[in-house]
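User: Please take a close look at one helix-helix contact in this model, and then at the aromatic pairs.

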Amino acid sequence: MAETIQRRRPAGIGAVPDTSRAGRRWDWPLLLGCAVVALAVGLSSPPHTSQRVWGITAAAGYGCAAVVAALSAKRWGRNAAVVALIGAFVVPLVYLTVIGRAQMEVGVVERGADLLFSSGTPYNSDPHAVPDFNPYLPGMAIFGIPRVLFGDTFVGSARLWFLIGFLAAVIGALRVALKGTGGTGATPAGTSGPTGLLWLVACPVVALPLTIGGVDPPVIGLVCLALAFTHRDRPGLAGLALGVAAALKWTAWPAVPVVIALLWVCRGRRDALRCAAGAAGLAVLTVVPVALVDTGAFYQNVVLYPLGLGPTQSSAESPLLGHLIVSVVPQGKAVAVALILISALAVGASLLLRPVRDVVAAADRLALGLILAIVLSPATRIGYAIYPVVLLLWPRFMVALSRHAAPLPTARAASDPLPAPAAATTD
């Protein structure tokens, strides 16, 4: 009887209805799935590696979080998020830091910063072994500068600055999304911004690279920041965020045309060009001067090696389609690169034939393009899944948080007309 009275009680003016108990529970089953995936990563990794440490520790953390979530009346609650975060991120990060073990990328970035200071370029002009190659764009060296300044200390570790860069970007995106809501935004399920951030960091595709020192989290964090600025109608700042990301790694470059296309359709030519100028200008100013110092080293490290076309086989390999094409098909490397170009052109054409009209659609289109590139690339890692997974989840969460604030306007000014493509008018 008391439960019936509780359900009939009016919610009150302006109250957010409690939907946390409605529908199917996905939190604890997904956490159990994360535990299985983490355990598989740990057991399949070589002994004494950072991946083995993360997998075993994270499996226990996700398992405990699943129990907490199952016992909680609220879906995706903060208590379960905290438990998952501690088990999948905090504990393995502290342990790996104490024993001084990290992903190879940490050393690559730190050596790149040292080379930048000594020779004007972060690239080895005569690389032979895999650790000699630096496949990242010149901006990535900034994360290795603290090592040059502070030496082999915790403060100097590039892994710490990858983490700081990622958190700064996603917290900035969260603040931008909450602007105009009084900072009290929540999704229809009742999940707040801080709780959502905890879940994001605890997600396996994010927690693993953050723990072992992967370079991709700050890149995808900046892309999310650019999407948040776009949603809040700040094209100039969106362009700058994209420019910083594009100066770090090639994986950020596909986001530039997608965001520009969104602004062109929703805001017109002027705002799209402002975004393009910020993104291209910052990326060019960062990349071109360094590339000109030693063009051969830049080409060998940043172009050939990431595509698996260099004299030394890239360590970034997974049994995906691109790797199988290279292994089985005659002239497989050329075929794989051609397929990547075709898929990029197809995604670009889709922006003209079926334009994106909000940041969620833009993130979905970008995720599709990156999935194709990851699957077809001759040299890739399953860890690159951080890009499509975050793009499919985090923008939706940001938009749900900002539902009380004005979204990106869809009407263009009469003084800046832009006819919609014919295919778009038939929808």
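Analyst: Contact here means heavy atoms within 4.5 Å. The model is predicted. By that cut-off, Val 170, Ala 173, Leu 174, Ala 177 and Leu 178 of helix α7 meet Trp 394, Phe 397, Met 398 and Leu 401 of helix α18. The residues of this contact divide into nine nonpolar, no polar and no charged.

Two packed helices are described by the angle between their axes and the distance between the axes. Helix α7 spans residues 158-178 and helix α18 residues 386-401; their axes come within 8 Å and cross at roughly 35°. The crossing of α7 past α18 is right-handed.

Turning to the rings, the structure holds six aromatic pairs. One of these pairs joins Tyr 123 and Phe 298: the ring centres lie 5.7 Å apart and the planes stand at 80°, so this pair is edge-to-face. It links distant parts of the chain, with Tyr 123 in the loop between α5 (104-119) and α6 (145-150) and Phe 298 in helix α14 (residues 295-304), 175 residues apart. Tyr 123 is buried, at a relative accessible area of 2%. Phe 298 has 11% relative accessibility and also counts as buried, because the cut-off for buried is under 20%.

Another pair is formed by Trp 250 and Trp 253, whose ring centres are 5.1 Å apart. Their planes are at 55°, so the pair is tilted; edge-to-face would require over 60 degrees. Trp 250 is partly exposed at 35% relative accessibility, and Trp 253 is partly exposed with a relative accessible area of 35%.

Conventions. Residues are numbered from 1 along each chain as its sequence is written. This is a predicted model: local features need pLDDT of at least 70, side-chain atom pairs count only at pLDDT 80 or more; totals for chains, interfaces and linings use all residues. Side-chain values use heavy atoms; hydrogens and water are left out. Axes are lines fitted to C-alpha atoms, for helices over the stretch in contact, and angles run from 0 to 180 degrees between N-to-C directions. Helices (H or I, at least four residues) and strands (E, at least two) are DSSP runs, numbered from the N terminus. A crossing is left-handed if the near helix is turned anticlockwise from the far one by less than a right angle, and right-handed if clockwise. Ala, Val, Leu, Ile, Met, Phe, Trp, Tyr, Cys and Pro count as nonpolar, Asp, Glu, Lys and Arg as charged, and the others, Gly among them, as polar. Rings of Phe, Tyr and Trp (its six-membered ring) pair if their centres lie within 6.5 Å; planes under 30 degrees apart count as stacked, over 60 as edge-to-face and the rest as tilted. Buried means under 20% relative accessible area, exposed over 50%, partly exposed in between (1.4 Å probe, protein chains only).
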